[in-house]
Amino acid sequence: MRVPWQRVSPHAWGAHRTIGAAVRAAARGSTVSVQPGAYQETLVLDKDVTIVAEKGADTVRLVAARGPALTVHQGSAVVRDLTMEATDENEPAVVVRGGSPVIEGCRIEKGRLEIAGDSTPVVRDCSVRDAAGTGIHLTGTTRAVLENCSVTAIDGDGLTVDAAARPEVAGLVVDRVSGRGLHITGAAGGTFAGGSISRTTGAGIEVSGAALPLLRELRVHDTQSEGIRVHADEAAIPALLPDGRTAAMSPAADATSSEAHGVRLERCDVRRTADGVTVSGGAVAMLLGCRVDDTRGVGVLADGTCRLRLEDIRITDTTASALAASGRARVTAERTTVARSAANGVYALGQAEVTLREGDLEHCAFTAVHCGDHAKVELRECRIHHTPEHGVRVTEDATLLAEDVRIDEVRLTGILVDRGDAVLRRCRITGALTGIHLETARRPLLEDCSVTGTGRTGIQIGPDTTALLQGCRVSRTGSAGVFLDARSAAHLHQCVAEDTEGTAVVIWTDSRAQLREVTGTRSGKNGCYVGEGAQPLLEDCDFSATEFPAVYVGAKAAPMLRRCLVHDTEEDLFLADDADPRFEDCRVSDVARSTLPTRRPEPETLAHGYRSGHRATTSGDDTDPAGVETVETLDDLLAELSLLVGLERVKSEVASMAKLMRMVTRRQEAGLAPPPLSRHLVFAGNPGTGKTTVARLYGRILAALGLLSRGHLVEADRGSLVGEYVGHTAPKTTAAFRKALGGVLFIDEAYALVPQGQSQDFGHEAVATLVKLMEDHRDEVVVIVAGYPGDMDRFVGSNPGLASRFTRTLAFDDYASEELVRIVRHQARQYEYQLADATADVLLRYFEELGRGEGFGNGRAARQVFQRMTEQHAERVSDMADVHTDDLTLVLPQDVPRVLD
């Protein structure tokens, strides 16, 4: 009868001399306890027994007599704490061909661990060392589980997974191997999580063939070759989903299943390698939350016809480009950070296609984004800053699409298109030597872009270049605002160049540019310079506040100026010899020396100010008698705010916001990130409570802080925003919005845009247009909506975009009777009247008796009462025979109207 316990010892009486003899004698489920010693034998397991080193690890050594030291064919045997050694380091020391054995706490030396067939072993807390070829080899269709195993000192690869193996590997440590740390090939897959691979001669991890593993939280470092290499033949490209992702990139996909496509890397860390991650051939891969740092080559490289998707990736301190794409690779990167690259941040060549969304590229030694050959690059909501060369460069036959891109502090050009093509929308460039330079035979498009604070030109259109500029703004440039080089044929529409050291718009020799609704203001030289032989068209343009003549026309130049306006400058026009300009319906205002053939502006035009080139004033003139522009300070404006009657809560909130915004500007000047801040406001209150007055002051305050370029107020209501027929509303709203760029758009009775119960009203289109414009120009305009408190709550809640942008409401309380008296006193002083003390008392009783119904006008009512008082005063004084000066100014109690009146 077999006993459940077998003992093995080389010398003990009654014990088996070999482990094999004990196994043969053991019943199924028995335990074989092995005494310390060296056993030279070939052990074969095909039944369920447990073999343990009785005194623990490193006490029992099983040395193969021939072939493997241990072979498992079937069953669920357990082998614990044994050291197993092959006769030849090129041969396996342990082979698992079937069954579900557990190998735990064992040391495998001078030979590999080989797991094959359809076996499902668990190998836990084991080490493999001093093997040749590979340390661990998983093949066949095995579903092996490897937990916390180490592979060291291998003359070859650390772990090889091939055929159709699908292991689950966790906590793997590979160190000091002459080949690859982890090689997954064939049709293999599986999950590899939470381990470390270091000091490899080959790639830290290589995935090839049709293998589709999931690699999670692996640390690869100090390799002589790539950190991670993924390669597949082009025939291995899987079918892509409609949005360009593979099945493995789909949230519904199981990345470990045989149906999944693509190699998936999650939260892996690659450091101190040659190239960091390379994806080539027809491979499809996805990197999520990975970090690549301190590489001796490219951070991430895509080549061939591969498809690569990056999300939440950080690539730092690379000696070559951080992200490179060539061949016909397609790369999509979201929320990718690139920092301190010793070459380019992104480098695209061949026919590669690269898309970056919400990327952040900083401190690249070369151009941050370089696009050459026939490559295509898309940049959306990216930030590029602090590079000694260009922010973006497009050359040869490459194309660029850039939307909502911000480029700060680059030493050369923000965006350079040197051949190639580009579409730029809502891009913002600050602190470059030149903002945007286009020199190409293509027809690039710039839409709603802004360039600020350049050392030289804001936007430069090269020789023989045709470009379309729509709604662009250039300010604070070291030389010209916009320079249109020789023979260029650019089209500028609704563009602004302001505060330039040089000329606002230069049209160089033989150019045939077309400028429509272009504004040039506050320029250190001309508003517009037309070079020799140029024949541009200027329609509805506005030039003002120039140091040199507003318009300069060079020799043999023949520009057409139609419906242009020149104002607020010393001299309007200079003509060189042989100049041949033509003028149609042009206008001049407030020009000291005028020679431009014009018609004078109509009175209503003068009364309402000019287009955006003219600096609108909010109270009185903005220059002193000598003609020098005065600068309003924040303290002056806050003092003016404090003088307003009543509105204590509103004044306190506006003052607090001003102090907060001053702190924001100081943080920005110190190079710190600004906190999230919404400048758009809701003014809720009854009519006549000072909403428009406070809105005007608020715009001037933001301008004094440098958060708005002008700070002027544009008033709008339903009539100025909503059209009368389909397709009319959006352009009408856009036109009103553009007038407010650089200032405040004040929409009174805003709730009228969304009438209650009328979901098909055109006002909803106005609101939708307004929300988009607020997003597109979020730093260029402030929108204030005003109306009755209850109605404003309904208005803000009518559109999710409104609710997210109008997060602060200022409540304007009705004036108390005493405050209304103060308003009347202010009116009296303004118009040189005096109120007797008795008159003020009567006036106070008047306001206390006055009904405060829904139509009560607050401050407007006070002004109306004052007007009626002056009328009754005039009637009384006109009947006096002997009128003195005091009689003309003193308002008596009888001049106060009765409430019943």
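Colleague: How many cavities of 30 Å³ or more does the count come to?
Modeller: Two. Keep in mind that this is a predicted model.

Colleague: Thanks! And how much space lies in the largest cavity?
Modeller: About 40 Å³.

Colleague: Which residues line the largest cavity?
Modeller: Its lining is made up of Val169, Leu172, Leu182, Phe192, Ala193, Gly195, Ser196, Ile197 and Leu218. Sorted by class, that gives seven nonpolar residues, two polar ones and no charged ones.

Colleague: Nice. Which strand gives the most to that lining?
Modeller: Strand β22, covering residues 191-200, with five residues.

Colleague: Let's switch to aromatics. How many aromatic pairs are there?
Modeller: The count is nine aromatic pairs. One of them is Trp508 with Tyr529, a stacked pair with 5.8 Å centre to centre and 25° between the planes.

Colleague: Where do Trp508 and Tyr529 lie in the chain?
Modeller: Trp508 is in the loop between β56 (505-507) and β57 (514-516), while Tyr529 belongs to strand β59 (residues 528-530), so the pair ties together parts 21 residues apart in sequence.

Colleague: Are those two buried, exposed or partly exposed?
Modeller: Trp508 is partly exposed, at 32% relative accessibility. Tyr529 is also partly exposed, at 22%, and since the cut-off for buried is under 20%, it does not count as buried.

Colleague: What about Phe683 and Phe812, stacked or tilted?
Modeller: Tilted, because their planes sit at 45°, with the ring centres 4.8 Å apart. This pair links distant parts of the chain: Phe683 is in strand β68 (residues 681-685) and Phe812 in strand β72 (residues 809-812), 129 residues apart.

Colleague: And how accessible are Phe683 and Phe812, buried or exposed?
Modeller: Phe683 is buried, with a relative accessible area of 0%. Phe812 counts as buried too, at 4%.

Colleague: Last topic, Glu539. Where is it found, and is it buried or exposed?
Modeller: Glu539 is in strand β60, residues 537-539. Its relative accessible area is 11%, so Glu539 is buried.

Colleague: A buried Glu, then. Which side chain does Glu539 join in a polar contact?
Modeller: That of Arg516, at 3.0 Å.

Colleague: What else does Glu539 touch?
Modeller: Leaving out residues up to four places away in sequence, Glu539 touches Leu515, Arg516 and Glu517, along with Arg562, Arg563 and Cys564.

Definitions and conventions. Residues numbered from 1 in each chain as written. Predicted model: local features only at pLDDT ≥ 70, side-chain atom pairs only at ≥ 80, totals over all residues. Heavy atoms only, no water. Helix = DSSP H or I, 4+ residues; strand = E, 2+ residues; numbered from the N terminus. Buried < 20%, exposed > 50% of the residue type's maximum accessible area, 1.4 Å probe, protein only. Polar contact = N/O pair within 3.5 Å; in protein donor to acceptor, adjacent residues only side chain to side chain. Contact = heavy atoms within 4.5 Å. 1 Å grid on protein atoms, 1.4 Å probe; cavity = no way out; pocket = protein on both sides within 12 Å on 5 of 7 lines; lining within 4 Å. Points joined across faces, edges and corners; volume = space filled by probe spheres on them. Nonpolar A, V, L, I, M, F, W, Y, C, P; charged D, E, K, R; others polar. Phe/Tyr/Trp six-rings, centres within 6.5 Å; stacked < 30°, edge-to-face > 60°.
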